[in-house]
Amino acid sequence: MSGKINIYILLMAASLFHACAVEEEKKNRPSQAAMADAALSVEGMILKASAIDDKIYSTGTLLPNEEVELRPETSGRIVGIYFEEGSRVSKGQLLAKIDNSELNAQLNKLKVQRKLAQSEEARQQKLLDIEAISQGEYDVTLNQLNTLEAEIDLIETQISKTNITSPFSGIVSLRNVSEGGYVSPSTLIASMQQIDPIKVEFSVPERYISDIKEGTVVNYGVTNTNDTYQAKVYAIDSKIDVNTRTVRVRARSSNPENSLRPGAFARVEIILKSFEDAILVPSDAILTELEGEKVFITENGKATSKRVRTGIRNENMVQILEGLALKDTLVLTGLMSIQEGKPIEFKELRSPDMEVKVNEPNVAL
């Protein structure tokens, strides 16, 4: 009997101890209201105006500003080549000469005949003045003189075509003929290009063509260097390619050191529009819902959601077109735990300069 009493006493003591422990735990446990009032520790960022460019990308080819194939206008034997392959030449410089000895002989003959015809015309003019001859006789002599003048002009023109000169200042390519060789109008002597300035030709999807105008800035690079070059659009094709639905565009770039060569592959970056005072936020700070996109900011120390309309995106940042204002404090972390009206405590307030990367690639939405 005494053993049962002892067991009962032990059970009562254990029950009493458990009840005390539960009561003590309730006292120490924070109430739901207290938990709701506890501030959520997050990271934030104060918004400020930043610069960003609306860009698209394409590929293109470098073209010479001017290019021509040097071919003779007449047939004959080359008697002189006056340029070095790959060298710079000036406009009007003599590059090659075709034998014109026969034409010069004909010219000399015609000049002698012209001198005689001029003397005869002067004598006939005096006779006409005293009415010793008729007007018709004088006109025959004058016509002979004029015919000789025309023939001399023709021969001089033919002689000038035996001189192959540079049509503009530029660089001559490798030549395809040698001195003493016979050439005809179909013979390619050499080609020459003007590469300062140099052109960049690329294609743009038709949806963007209304954003590209004369003077639009283009950045590009080539495969043999990591340098970036700048050009300005000067011409846009008048039609859309029906196969690719793109439009050809040409831009012009300075090339004073002739480091850029025609035919090179170009990676083109087209700046459609620049924003100097854009509001940029990290892409991770935007929540996407069925109703749209939203972010959280703080107002009077509490979380407040804001519906936003976004614009340009790059690798890290998103442009906010509507919904936020400069100097708003944006919540960056704890977004899965945050609730409307939740007290907010910032453990770190990031500098916007650490977030904004103005030159990062982005695409138009």
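Predicted model: local features only at pLDDT ≥ 70, side-chain atom pairs only at ≥ 80, totals over all residues.
Two strands are taken as paired if DSSP finds at least two bridges between them. One of the residues involved is glycine 76, whose bridge partner in E8 is valine 183. The pairing belongs to an open sheet of four strands, arranged in the order E6-E5-E3-E8 and antiparallel in its pairing. Strand E6 (163-165) and strand E8 (182-183) each have a single partner strand and stand at the edges, so one side of each is left without a neighbour in the sheet.

Over the whole protein, the secondary structure amounts to five helices and 20 strands. The protein has 365 residues, and 37% of them count as buried. Among contacts with a separation of 6 or more, 75% are made by residues 24 or more positions apart. The accessible surface is about 22100 Å², and carbon and sulfur atoms contribute 50% of it.

Helix H3 covers residues 101-129. With 29 residues at 1.5 Å a residue, H3 should span 42 Å, and this agrees with its end C-alpha atoms, which are 42 Å apart. The buried residues of H3 are Leu103, Leu107, Leu110, Ala117, Glu121, Gln124 and Leu128. An α-helix has 3.6 residues a turn, so residues three or four places apart point the same way. The partner against which the buried residues of H3 pack is helix H4 (135-160).

Glutamine 113 also lies in helix H3. Buried residues have under 20% relative accessible area and exposed residues over 50%; glutamine 113, at 32% relative accessibility, therefore counts as partly exposed. Between glutamine 113 and leucine 145 there are 32 residues of separation in sequence, while the C-alpha to C-alpha distance in space is 8.6 Å. After H3 comes glutamate 131, which has a positive phi, near 60°.

Aromatic side chains were examined as well. One aromatic pair is found in a search of the whole structure. A ring also takes part in an arrangement with a charged group: the charged end of arginine 252 sits over the ring of tyrosine 234, at 3.9 Å from the ring centre.

Technical notes
Residues numbered from 1 in each chain as written. Heavy atoms only, no water. Helix = DSSP H or I, 4+ residues; strand = E, 2+ residues; numbered from the N terminus. Buried < 20%, exposed > 50% of the residue type's maximum accessible area, 1.4 Å probe, protein only. Contact = heavy atoms within 4.5 Å. Areas by Shrake-Rupley, 256 points an atom, 1.4 Å probe, with all protein chains shown as cover. Phe/Tyr/Trp six-rings, centres within 6.5 Å; stacked < 30°, edge-to-face > 60°. Lys NZ or Arg CZ within 6 Å of the ring centre and 35° of its normal. Expected span 1.5 Å × (residues − 1).
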